[in-house]
Amino acid sequence: MAAEFFRISGSDNIVADRGPTALRIVVGGQLRKLRIAAGISPEQAGDRIRGSHAKISRLELGRTGFKERDVRDLLNMYGVRDPVEVQSFLELVRRANEPGWWHRYGDLMPAWFETYLGLEHAALSIRTFEAQLVPGLLQTEAYARAVVALGHENVEATRRVELRRRRQELLDRESGPTLWAVLDESVLHRPIGGATVLRAQLEHLVRMCDHLRVTIQVLPYSAGGHAALSGSFTMLRFAEDELPDMVYSEQLTSSLYLDRQNDLENYRRVMDRISVQAETPDRSRQMLHEAAEQL
């Protein structure tokens with residue numbers, strides 16, 4: 001056998017718990033290891049499944065679903081022919097192809113955001129800078145409803161808010177990611193939904209400061225100009241070596257996914273700089289409390 005299979009057992013169930021996107025990354029990474037161990041090029045593998053080297057790249061990065069026929073053909077080409085091992089691998093493939101919980105909300109969101117939800121669910125850590133609004137993972141139901149109303153005129157408002165709430169469950173999942181959020185001070189004073197809604201939202205942020213995997217910092221007006229003046233963005237990091245860090249930036253009708261090393265380094269520097277310019281977590285908690293008291 002060319003390489004040892006990845007198997008879901010014991011602590012490895014954490015991978016499955018992080019959703020189909022994480023499983024696709026793991027399965028794709030295993031296919032890559034098997035191909036390399038067998039001395040086969042991406043072009044040769046692509047020819048075997050009637051595709052291209054680009055298709056092999058997408059499969060190995062976990063960026064697309066798997067056809068069982070293609071996987072069978074690749075395993076055979078890579079020298080993996082034991083029926084038990086093949087069936088074990090194909091079971092992982094089936095689980096990786098299952099739709100995530102967010103699939104049922106697919107009619108409410110564009111495909112590019114559905115992709116983000118899969119990556120968010122699979123992330124090991126999330127770092128985000130928000131210049132206008134409280135990040136979705138930290139929004140109260142009332143605040144989320146007010147945000148939804150701004151962009152969607154309450155069309156399917158209940159389901160959109162429910163989607164946001166479901167996203168937040170990952171923070172309490174055993175294998176959930178860490179969240180480090182830097183908020184521009186303007187977020188504390190923009191009365192989304194009115195003063196009562198904002199006050200409750202700020203009080204919620206104060207409570208979230210006690211969450212073991214959540215860090216909140218406020219970038220104060222007194223910091224003046226800062227490195228993130230271009231706008232909000234989120235950095236995702238994954239446990240799997242096969243998937244590099246990723247920067248997500250959302251526009252009005254589209255989004256950007258950046259994973260080139262130069263882009264990542266630039267955004268890391270920006271995030272590090274604004275984290276230094278921002279108030280400490282303790283002082284930020286105090287600012288949140290004071291802003292809530294003033295409403």
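The crossing of helices H2 and H6 is left-handed (the near helix is turned anticlockwise from the far one by less than a right angle). The model is predicted, with local features requiring pLDDT of at least 70 and side-chain atom pairs pLDDT 80 or more, while totals for chains, interfaces and linings use all residues. Residues are numbered from 1 along each chain, and side-chain values use heavy atoms, without hydrogens and water.

H2 and H6 (residues 83-97) pack at about 145°, their axes 8 Å apart (axes are lines fitted to C-alpha atoms over the stretch in contact; angles run from 0 to 180 degrees between N-to-C directions).

Five aromatic pairs are counted (ring centres within 6.5 Å; planes under 30 degrees apart are stacked, over 60 edge-to-face, the rest tilted; for Trp the six-membered ring is used). Tyr 116 and Tyr 248 are stacked, because their centres lie 4.1 Å apart and their planes at 25°. Tyr 116 is in H7 and Tyr 248 in strand E5, so the pair ties together parts 132 residues apart in sequence. Tyr 116 is buried at 4% relative accessible area (buried: under 20%; exposed: over 50%; partly exposed in between; 1.4 Å probe, protein chains only). Tyr 248 is buried at 5%.

Note on methods
Helices (H or I, at least four residues) and strands (E, at least two) are DSSP runs, numbered from the N terminus.
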